[in-house]
Amino acid sequence: MPYPTDRKYTKEHEWIQASGASATIGITDYAQQSLGDIVFVEGPKVGAELVAGKTFGTVESVKAVSDLFAPATGTVTEVNAELATAPEKVNTDPHGSWMMKMTLKNPSELDALLSAADYEKFVAEEAGH
Amino acid sequence: MGAKMVDFNGWDMPVEYPASIGCGIVNEHMAVRTGAGIFDVSHMGDIRISGPQALAAVQHLCMNDASRLELWQAQYSAMLHPQGTFVDDVIVHRHPYGYLIVINAGTREKDFNWVRENTRQFDCTIENLSDVYTQIAVQGPRAAEVLQKISVANLAQIKPYWFTLTHLAWDDGGSKRGVGDVMIARTGYSGEDGFEIYIAMSESDSVAVWNVLLEKGKEFGIVPCGLGARNTLRLEAKLPLYGHEISDTINVWEAGLDRFCKMDKPEFVGRAALERAKAAGVKRTLVGLEMTERGIARDGFKVLDAGGGEIGYVSSGSPAPFLKKNIALAYVPPESAAVGTPVMVEIRGQRVGAVVVPTPFYKRPKKAA
């Protein structure tokens, strides 16, 4: 699956799509493949203050629990309620299934994140070993 | 085959096979419950006990009564420490030469040394055959149909927990292929009907058998299955896992394995401690839990009573793919063990509701005779 160029990526395998100070966040195709069947998504609460690089929730597969890391600093404005009943949507459509939306405190934080091309390279290296 | 691999007690094992071939833990689990799945379980160990006092040795070592075994019959059993806690759970097979004890992977060396040390007083020969046998398990309601395609022996004549020695034979694009002297046991770790095939070490034979079973099983939806599905299957069926439901700090009564422990045997390692433990009464017991609120209980999580007091812990917890619930096995005090008792599981700092339920969580449907 090619990585959409309309967003940025983190080394923790999240994507963030911003328009001004509003951003939408999810996990990447590489992440969902590594996790396997996703059975549970624990997102943040609306209003939660997130700090870039800190954990904001968990995503669980049958076998394991993985932390979700905030790609940027800001306030959560919306959480995708669909994932509470249909977490498998993250497997079938990782780049379309968003987990949360937030208002960014410093939109320029995104400049330091990976482009689609850089992320693809990063993933190829990760998968290589 | 592109599986996600993991280190399991020093073995490189697949957790699950790729989604691209129709696998993944959930699909593998469902295949075993509805059709068939195939597992490479060669990591399991095998100890042969033979000689004039082989039976006496087995009776001393293991808690079940091996004298009840007929030739070609097997039984679930366990080796205990003198304190009545578990060295390992095993399956004992009665062969013409004596006994074959199949043990867990992570405990091969420990078990072999234990067996040798505890049978010095008997006139018997102890051999570690773990590196001699590879083991392939085929499990599921259609497992017999799959395996019958290559088994010379008639599988319908092998009852559950019985085994046979036979050959495997099949046509490989015009030429005949075969593997001689294999042991086929109607045993397994999935809660379904199924077989475990023991092949004396020949990597090419084992690979050939693996491949031909995958091919012959296609019409039944067979898929290769990894450790992930192995765990969810055995959990639904309430089969214990060493290091979780049984260990060297848990005794037979706590684990609820009474029916495999024959106290009317006059002697076996651990018997005296078990008598004392029975008289004293258990302080904790193994129960099944089902989550009643959103959350997945995982191994090691604390179990709390309805008032929030810590009363025990989860020995194994996971989503159950067939039951579509989040389940767990847990150790709690007897007073909290009644079916219907509400409890809570502490999940990353949150208290999430659960309830004690009957076990096994899953029981396979009875086949019409």
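In chain B, Val6 (B:Val6) sits across from B:Met13 of β2(B). Keep in mind that this is a predicted model. The strands around that pair are β1 (residues 4–8) and β2 (residues 11–16) of chain B, which run antiparallel and are joined by 5 bridges. Together β1(B) and β2(B) make a hairpin with 2 residues between them, and B:Asn9 in the turn has a positive phi of about 50°.

Now for where the chains meet. Chain B puts 12 residues into the contact and chain A puts in 8 residues. On the chain B side, β2, α1 (25–34), α6 (227–236) and β16 (310–320) each bring at least two residues. Sorted by class, that side of chain B has 6 nonpolar, 4 polar and 2 charged residues.

Further along chain B there's an open sheet of 5 strands, in the order β5-β6-β7-β4-β8, with antiparallel pairing. β5 (74–80) and β8 (125–128) of chain B are at the edges with a single partner strand each, so one side of each has no neighbour in the sheet. On average, neighbouring strands here are turned by 25° against each other, direction ignored.

Inside this sheet, β6 (residues 86–95) and β7 (residues 98–103) of chain B pair in the antiparallel sense over 5 bridges. B:His95 stands opposite B:Gly98 in β7(B).

| Helix (chain B) | Strands touched (chain B) | Angle between its direction and that of β4(B) |
|---|---|---|
| α2 (residues 54–61) | β4 (45–50), β5, β6 and β7 | about 130° |
| α3 (residues 108–117) | β4, β5, β6, β7 and β8 | about 15° |

Definitions and conventions. Residues numbered from 1 in each chain as written. Chains lettered and ligands numbered in written order. Predicted model: local features only at pLDDT ≥ 70, side-chain atom pairs only at ≥ 80, totals over all residues. Pairing = 2+ DSSP bridges. Helix = DSSP H or I, 4+ residues; strand = E, 2+ residues; numbered from the N terminus. Contact = placed C-beta atoms within 7 Å. Nonpolar A, V, L, I, M, F, W, Y, C, P; charged D, E, K, R; others polar. Axes fitted to C-alpha atoms, helices over the stretch in contact; angles between N-to-C directions.
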